[in-house]
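Here is a friendly walk through one protein chain, meant to be read with the model open beside you.

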Amino acid sequence: MMQTFNIPVGISDFSEIRQNGYYYVDKTGLIAELLNNSAAKVTLITRPRRFGKTLGMSMLAAFFDIHKNSDTLFEGLEISKDTASCQKWMNQYPTLFLTFKDVDGLNFDDAYGQLAAQIADLYKEHAYLLDCPIIDSDDKQIFLELKAGTAGKIHLSRSLVLLMRMMKTYYHKPVILLLDEYDVPLAKASSHGYYTEMLSLIKTLLSTALKDNPNLCFSVITGCLKIAKESIFTGTNNFVSDTISHSRLNEYFGFTENDVNTLLKKAHAEIHASQVKYWYDGYRFGDFDVYCPWDVMNYLRDLQINPQAQPSSYWKNTSDNAIIRSFIDYAGSSITEKLEVLLAGGYIMEQIDENLTYDYLHSSEENLWSVLYLTGYLTIDRKESRVLDGEYALIIPNAEIQEIFETTIQKWFQDYAASCDRRKLFTAVWNGDTEQMSVEMNRLLRQTISYYDYRENFYHAFLAGIFAGAGYSVETNREHGEGRSDIVIYNDVTGQVAVFEAKYSRKLEYLERDCQKALDQINTKMYAKEFEDAYEEVLCYGIAFYKKRCLVKSK
């Protein structure tokens, strides 16, 4: 029987998780790992979205922040065994923790307003500094403007270095800076056309806080991409980046196999281990295979509600998936062929560049593959070794991402088909002209990106996509007669119905034979019978596909 316990879906606050008894997968070893590499003044950690970056940063803040008393939060966790580090570091340093994940806007002014509000909230947390007699009065005046959200761009761009200076004066200790999702404002700016302005602001904000700053103890920064070419971090002392390809912090972001097995055992859900692995495993960070924690936790929560729940794509409805659509829109025959290889379960060999810039993501095909890899939509195939320096065998990591690709491609094709002139095809369908139907469908097939290795469900989606959005009612796999026909199209204007049965041919020369098989199935299972009284004409079509070729026949 499924064991019920508190699963923290959507909670990224470490203190909230620990205080309220939510299940916590112990990642506190990250603290010791960072402290052991004390030479690194700035550590940039890049991982895809939903791999626990924010929770990890919240955990670091709870450990270091001098304002807090975190003994009970860390009791029993891995770091608590390192008594020397706990005595020296736990709640001993002034700590700034902020996230840029919500800095967004359709234009620069909107995004700037969001950033100013974020900084204002941060300043309000540290209003006690205004009462310190040894802090410079001019600094206090600027502090008040930033706290009120009325400061100009120059003061906002230097707001972190000012706050750190005031905190150092107050505590007589350097400040730990924890910045989560540093690149979100740049990603949003790139999407909405104000990239240059936002880059200038973020570059000044970070460079003044990180470069030659005597008030900085150390900094940990997280993001999705490592933006080095724009020189955001140029000149920063002892800068270390930790990426999914070159990492020593592998197991601290994402769930390892051991993490997941422990979770499933606690939930009495070991029977679901193979499903969880098939759907949510497959990512490769450094030397570790990892699961996406967001998905594992969501599925376990669903299992608690319904023990018969099936895995599903918890990423599917997020805006992050727009990156796949933009990739497909880039198109080109080379990209189409490679996507088809990936969707059929194969791998492609590509150069990976981890030093990307958001304004050049779509400037080359190589950049696009790198983005899909760095954002978690592709991963390294462990069965294939690296061929050349920087060149990797890339695959789709799991069933969830496969489904995201397929649904994105279906939507793309529906949009593409809607933009094509399909009048000749529709005329042919309602006139019973199978020769013209074959010509028009073959033309559309050549423009598609196939998936499922050309199995029948690909062609069902293809057929539905042609008619969807064209004013016709479309039904797929509805029960008719003695079985289920593949596609039924209703023309309410003319009172006609078109019934399609599709077959996949294993060889080109089988097209004719399989077309006839489809027609025979319509006849023997009487798919058309129920429409005969209600509609003026029922048109029955057998259609056979072989890769990007098709043949249509009618009764």
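## The largest cavity

A cavity is a set of points on a 1 Å grid over the protein atoms alone where a 1.4 Å probe fits but cannot get out, and lining residues have an atom within 4 Å of a point. The space in the largest cavity is about 90 Å³, where a volume is the space filled by probe spheres set on the points, with grid points joined across faces, edges and corners.

The lining consists of I409, Q410, F413, Q414, T448, I449, Y451, F458, A461 and F462. Two elements, α17 and α20 (456–467), each give two or more residues to this lining, and α17 has the largest share, with four. Helices (H or I, at least four residues) and strands (E, at least two) are DSSP runs, numbered from the N terminus.

## About the model

This is a predicted model, in which local features need pLDDT of at least 70, side-chain atom pairs count only at pLDDT 80 or more, and totals for chains, interfaces and linings use all residues. Residues are numbered from 1 along each chain as its sequence is written, and side-chain values use heavy atoms, with hydrogens and water left out.

The chain has 21 helices and 15 strands. Of its 555 residues, 55% count as buried, meaning under 20% relative accessible area (1.4 Å probe, protein chains only).

Searching the whole structure turns up two cavities of 30 Å³ or more.

G376, which follows α16, has a positive phi near 95°.

## Nonpolar cores

Which residues have the most contacts inside the largest nonpolar core? They are F405, M441 and F500, in a core of 123 residues. Helix α10 (residues 195–210) supplies the largest share of this core, nine residues. A nonpolar core is a set of buried Ala, Val, Leu, Ile, Met, Phe, Trp, Tyr and Cys residues joined through side-chain atoms within 4.5 Å. Another core, of 33 residues, lies apart from it, and L30, A61, F63 and L77 are among its members.

Contact means heavy atoms within 4.5 Å. Leaving aside neighbours within four places in sequence, M441 is in contact with L425, F462, L463, I466, F500, I543, C550 and V552. One of these, L425, is buried in helix α18 (residues 423–431), as are F426, A428, V429 and W430. Just after α18, G432 takes a positive phi of about 75°.

## Cysteines

How many disulfides are there? The count is zero, taking a disulfide as a pair of cysteine sulfur atoms within 2.5 Å. The sulfur of C292 is 12 Å from the closest cysteine sulfur, in C224, which is too far for a bond. C420 is in no disulfide either, as the nearest cysteine sulfur, that of C550, is 15 Å away. Both cysteines are buried: C292 has a relative accessible area of 0%, and C420 has one of 16%.

Notes:
Buried means under 20% relative accessible area, exposed over 50%, partly exposed in between (1.4 Å probe, protein chains only). On a 1 Å grid over the protein atoms alone, a cavity is a set of points where a 1.4 Å probe fits but cannot get out, and a pocket is an open set with protein on both sides within 12 Å along at least five of seven lines; lining residues have an atom within 4 Å of a point.
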